[in-house]
Amino acid sequence: MAAANDQQLLQKVHNLSDLELAALLSLISREHCLVSTSPEAVDELTEELRLIATRTFGLAPVIISCHAHTTLDDFAARLLLAPPPQTTSPTANSNSSNNNGRSISPYRTRHLSPQHHDPSTTSPTGPYFLPHRGGSQRSNGGPMTLSSSTTAAASSAQQAPPPPQIANVVIAKHLDCAPLAVQIQALELLRTRRIFTRTSVHTAPKHFLFIAAISADSGGQAHVTPHLNDFFYLAHWHDPEEGFAYLDEEYDGSDIDDDNDAASTDSSLSVVKRSGSALSSSFTAADGRSIHPPKPAPGPTEGKPPPPPPPVFTDSEVAILAQLTQQVQVDVEVTRYQTNIVSFLRMHRAVGGGITPTATKHFEQLMKSLAPLHGLDYVTPSLVGLAAKKVYLHRIAVVRPERERSMQWGSELAAVEAILDGVGPEDVIEDVLGMVAAPP
């Protein structure tokens, strides 16, 4: 039974898109990711990520559109989910107002009209405030106080709504365009999993994913402020030519509906409909009369929106993959291969920075997380190369020609500029993977 469940889980993984895999790997490691695409497709990317959060993982997302004038208060407010609508029971509604639609109060209003005045409850010469007798009631026509049950019902109807919560998935569009203070606040949220506002402190939920959606012509050009950039677990550049799975599915479905509507309209004008068809919803009696089946009685859920479909990946399945990651073994030869890649990246002539200790930690963590997704309990050299491409894509900073290492020994600036022209992080990673020998 366990083997069958593992095969079913692997089949789900193999059906995921690249964007879904990036989100899944981040959720497994409880880290966060940076996703980029071409500038004209960033809106579609953001919407696709929102659908991935709700449909693939069943998590509540929010989208934050950042710009140069985004303030700290705006950023903090948009992290929170909208509060659920308050529902008040009919009993509370009936107890919270009297027959005239006025709220219950132990005090008489100054402007109580004569038609609303009840002479049986107070005398014309009585005091303005009705006396309170601990819920007792006078039998001589004196003032009557509220009972404890009525007071409890009125107080329960006026209970404060629950405090707003931070969304499970935060999609920060154009985070690189936000001011430095906003990006530092985002870094503090990722480090401490909480954010301070002027009035309260909000804590991130257990399943929390922060995705920076950035527009860039290539993955190596997508980055944010250095400290926040180094905190992101992995990076992925999505080619718009590959499409967006959920958006394309909705687009194709709308086209099919439009075609069906047009076809049914045209056919109703030109095709003669036959009665008594085998697929008809009516039945034909022996004498030729049409007998229609009775309409079903309306159910209790009629008129309500259908419940959302279950997510592709549940929280328990993500936890299973995280547990399998902890059991992955790494051979000493594979560890040496990983260390050589880090050393060659650091010493590459085109690299000006980005090979940090945090990147090395994420490098080891990602190559272990990739193994269970391929049905393995050990790390292969190919998984090491794949992890290197995702971990260092947004981290590598290409050196400026005047700061290139060989300039210290008399290299000509024009020659160095020609060598570094057009070189990006993708080229550096491919160059290093070609130089470092993989273990057999």
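Tyr392 counts as buried, at 0% relative accessibility. This is a predicted model, and Tyr392 belongs to an edge-to-face pair with Phe363. The protein chain has 15 helices and 11 strands. Five of the strands form an open, parallel sheet.

- The structure holds three aromatic pairs.
- A pair of aromatic rings is described by the distance of the centres and the angle of the planes.
- For Phe363 and Tyr392, the ring centres are 5.7 Å apart and the planes stand at 80°, so this pair is edge-to-face.
- Phe363 sits in helix H12 (residues 357-373).
- Tyr392 sits in the loop between helix H13 (381-391) and strand E11 (397-398).
- The pair therefore ties together parts that are 29 residues apart in sequence.
- Phe363 is buried, with a relative accessible area of 0%.
- Tyr392 is buried too, at 0%.

**The sheet**

- The strand order is E2-E3-E6-E1-E7, and the pairing is parallel.
- Strand E2 (61-65) and strand E7 (234-238) are the edges; each pairs on one side only.
- Neighbouring strands are turned by 20° against each other on average, direction ignored.
- E2 is joined to strand E3 (residues 169-173) by five bridges, and the two run parallel.
- Ile64 stands opposite Ala172 in E3.
- E3 also runs parallel to E6, with five bridges between them.
- Val169 has Leu209 in E6 as its bridge partner.
- Five bridges pair E1 with E6 in the parallel sense.
- Cys33 has Ile211 in E6 as its bridge partner.
- E1 and E7 are parallel and share five bridges.
- Thr37 stands opposite His238 in E7.

- Six of the seven residues of E6 are buried, so E6 is largely enclosed by the rest of the structure.
- E7 is an edge strand, yet four of its five residues are buried.
- E7 is therefore largely enclosed by the rest of the structure.

**Backbone exceptions**

- Most residues other than glycine have a negative phi.
- Arg30 has a positive phi of about 55°, although it is not a glycine.
- Arg30 lies in the loop between H2 and E1.
- Is Arg30 buried or partly exposed? Arg30 counts as partly exposed, at 44% relative accessibility.
- His174 has a positive phi of about 60°, and it is not a glycine either.
- His174 lies in the loop between E3 and helix H7 (180-192).

**Glu404**

- Glu404 lies in the loop between E11 and helix H14 (413-420).
- At 3% relative accessibility, Glu404 counts as buried.
- Leaving aside residues up to four places away in sequence, Glu404 touches Arg349, Val399, Val416 and Leu420.
- Glu404 and Val416 are 12 residues apart in sequence. Their C-alpha atoms are 7.5 Å apart in space.

**Whole chain**

- The protein chain has 440 residues, and 34% of them are buried.
- Among contacts with a separation of 6 or more, 74% join residues 24 or more positions apart.
- The accessible surface comes to about 26400 Å². Carbon and sulfur atoms account for 55% of that surface.

**Where to read with care**

- Where pLDDT is low, the predicted coordinates should not be read in detail.
- Over residues 94-141, pLDDT stays under 50. The model has 44 contacts beyond four places in sequence for this stretch.
- Over residues 262-295, pLDDT also stays under 50. The model has 12 contacts beyond four places in sequence for this stretch.

Key: Residues are numbered from 1 along each chain as its sequence is written. This is a predicted model: local features need pLDDT of at least 70, side-chain atom pairs count only at pLDDT 80 or more; totals for chains, interfaces and linings use all residues. Side-chain values use heavy atoms; hydrogens and water are left out. Two strands pair if DSSP finds at least two bridges between them. Axes are lines fitted to C-alpha atoms, for helices over the stretch in contact, and angles run from 0 to 180 degrees between N-to-C directions. Rings of Phe, Tyr and Trp (its six-membered ring) pair if their centres lie within 6.5 Å; planes under 30 degrees apart count as stacked, over 60 as edge-to-face and the rest as tilted. Buried means under 20% relative accessible area, exposed over 50%, partly exposed in between (1.4 Å probe, protein chains only). pLDDT is the predictor's confidence in each residue, from 0 to 100. Contact means heavy atoms within 4.5 Å. Accessible areas come from the Shrake-Rupley method with a 1.4 Å probe; for residues, only the protein chains shown count as cover.
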